[in-house]
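Open the model in your viewer and keep the selection tool at hand. The stops below go one at a time, each with what to select and what is found there.

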Amino acid sequence: MIHRHPFVRLGVSLVLFATACQSAPQAPAPAATAPPAAAAKPTTAPAAAPTSAPAAAPTTAPAAAAQPTTAPAAPAPTVAAAGAVQDVPRNKTLVVTPWGKGVEIVNPNNINIYLTSSWNHQREITDKTVFEDLMYTNLNTGEIIPWQAESFNYNDTFTAITVKLRKGITWSDNEPFTSKDVKYTLEMLRDNAPDLLYATIFKEYLKDVETPDDLTAILNLNKPNPRFFQENLALGHENHIVMLPEHIWKSQDPKTFTNFDLAKGWPVGTGAYKLVASSARQMVFDRRADWWAAKSGFKPLPAPERIILVPAASDEATAQLYIGNQADSGNPLQPATFEAATARNKNLKSWHEQGPVWGAPDGCGYVFSFNNTKAPWDNADVRIAVNYAIDRPQISSLGYSSANYPIVAPFSGYMKERWLPGRLQDVIDKYDRDKRDLSLVEKHMTAAGYAKDSSGMWAKGGETLKIPVRGPQFFAPLAPPLAEQLKSAGFDATAQVEPDSSTAWNDDMATGKSDTIFFVHCGSISEPFNTLKDLHSKYATPVGTKCPSIIACTRYSNPEYDKLIDEMDGMVGSPDNAKYMDNAAKALDIYLRDMPEIMLLEELHVVTFNNTYWKNWPSEKDPYAAPYPPWEAWYLIINKLQPTQ
């Protein structure tokens, strides 16, 4: 068997280098290292990141993956734990790519998952390996799955939550996992707002954490919040809030601590894997035989003996990794690229067996977001006019091969069936925003004081209205059709797709320097409040000051809307709660009336699963977990996979 599967190997020189660097593992000196592991070899030389993208994904099959014919450029220095890197055959190794394209892994020697200035390693790999959650949620069914915690209970006023931890959990350094770790982590976040990820949530809501015994943590809240635990500590979505070992972190500055020293076993987590090597080219995690869950009988050891994270520079490069069986999952493919890749490798599957809609809901929707504090985007008539210039089905067809569908409200497919029929759908129907209507463009632009100039462009005071169709490379297919639609409606629109390496669009959006950005609005998983709250004026920080959440940067402000959201915050979200539904309908009415942002399409990525080496991937037929790799609940997939050979 071994002879038929190349070893996933890190060369001897890598281990020797690690031994030499143990005295200062956080800042290794440059040194020659072995080429990347066999499963992670680049299939093509990385191209320069493009500044624009075609409207549609490739319609021809990517070239079959091939090994490089010339020696690769020297990779960034790799740090490995001495004696920890052993040979593991490919059929026992799971290879994944990060969520997003890039030539290399950013900050491979900084595993502080709460830093805002660093690549979020929890989102990309440690959610699958090192760290575990108190609980997870199967978003397909709403089932909450206990893990580090066995239960949680609210008091009658929803101001305190009693969390019972599972007995027998230990950190990877064999220290016990206790309520002290919960207290340290949550209060540390509370005390470091707004400098750490998610810290503003705990600053607003968390009063303190009591620890009456090692297996009990009582979360006391500043105000009623009946969804606090589920939304922040059990959801398994894009809220990467996991507990940290108090015995290691309490003596560190959480805003500067890198949490990386392989000689000391850092990062320390309760997960089934430990980090044994890390570089810009790959991160390698080996299964721990002493994992607490296997020792206690809670779960068997997961089947993959090794997990490797490897970057992919482009959609085509990712497809080549899948075609050549050099990656098992990770980054999605554009729909047409996926269809072409499956023609080369029949083992490639996605959530649905048939297209054109291949993917499951992402909990997000593509959005065209306005800076509501800047003219002319502070004028609702201008925003509404832009909406009626947009043809959503055409954006889906040209940009995504009709693999997704139009939306006008920030609600995910995970909640639509339960919530939209009835009052909320009536509000959506009332405004009828999902159409291109140039007569309504003219009506609202005229109301805003604009008229068409001699070239047929909307202008005021002798200046045409310029609309930057600006956003990140990851959502590039939106830009060309959206820009062309706006141009044909009389707007001076320009597509501006920034390279993957750029953070300028993000920084400008966060600080209010941008005008318009195409991006995503995420969070509408279980109830309308999830995303309607993002239009509350508490997120409308002054221009120059970062907004607390990148998906809540419209800087929209409306006291009437705020009042509705504030009331909903303390309510149980249920279609059977008449007061909640009344507020939700009124808030949605204001949202569609004022159009502070324009929802475009449901985000449905073609997450790709390679069945060559691993089986039991989730699917429409076996929906035991939502399929998205950056979500916390992907750890459930790791524990479900089985080898195919």
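By class, the contact of H13 with H19 consists of nine nonpolar residues, no polar ones and five charged ones. Now show the whole helices, residues 423-431 for H13 and residues 578-594 for H19: their axes come within 9 Å and cross at roughly 20°. H13 and H19 are therefore roughly parallel to each other, since an angle under 35 degrees counts as such. The crossing of H13 past H19 is right-handed.

Before going further, zoom out. This is a predicted model, and the values quoted on this tour are computed from it. The chain holds 20 helices and 25 strands. Of its 645 residues, 59% count as buried. Among contacts in the chain with a separation of 6 or more, 73% are between residues 24 or more positions apart.

Which residues make the contact of H10 and H14? On the H10 side, pick Asp381, Val382, Ile384, Ala385 and Tyr388; on the H14 side, pick Leu438, Leu440, Val441, His444, Met445 and Ala447. Sorted by class, the contact of H10 with H14 has nine nonpolar residues, one polar and one charged.

Now turn to the cysteines. How many disulfides does the count come to? The count is two disulfides. Counting bonded cysteines along the chain, the pattern to expect is given by the pairing 1-2, 3-4.

Select Cys364 and Cys522 and show their side chains. A disulfide joins them, with an S to S distance of 1.9 Å. The link of Cys364 and Cys522 is right-handed, with 110° about the S-S bond. This pair links distant parts of the chain: Cys364 is in strand S15 (residues 364-370) and Cys522 is in strand S21 (residues 516-522), 158 residues apart. Are these two cysteines buried or exposed? Cys364 counts as buried because its relative accessibility is 6%, and Cys522 counts as buried because its relative accessibility is 12%; the cut-off for buried is under 20%.

For the other pair, select Cys547 and Cys553. They form a disulfide with their sulfur atoms 1.7 Å apart. Both Cys547 and Cys553 are buried.

The last stop is a glycine. Select Gly471, in strand S19 (residues 466-472). Gly471 counts as buried because its relative accessibility is 0%.

Definitions and conventions:
Residues are numbered from 1 along each chain as its sequence is written. This is a predicted model: local features need pLDDT of at least 70, side-chain atom pairs count only at pLDDT 80 or more; totals for chains, interfaces and linings use all residues. Side-chain values use heavy atoms; hydrogens and water are left out. Helices (H or I, at least four residues) and strands (E, at least two) are DSSP runs, numbered from the N terminus. Buried means under 20% relative accessible area, exposed over 50%, partly exposed in between (1.4 Å probe, protein chains only). Axes are lines fitted to C-alpha atoms, for helices over the stretch in contact, and angles run from 0 to 180 degrees between N-to-C directions. Angles under 35 degrees count as roughly parallel, over 145 as roughly antiparallel, 65 to 115 as roughly perpendicular and the rest as oblique. A crossing is left-handed if the near helix is turned anticlockwise from the far one by less than a right angle, and right-handed if clockwise. Ala, Val, Leu, Ile, Met, Phe, Trp, Tyr, Cys and Pro count as nonpolar, Asp, Glu, Lys and Arg as charged, and the others, Gly among them, as polar. A disulfide is a pair of cysteine sulfur atoms within 2.5 Å. Contact means heavy atoms within 4.5 Å.
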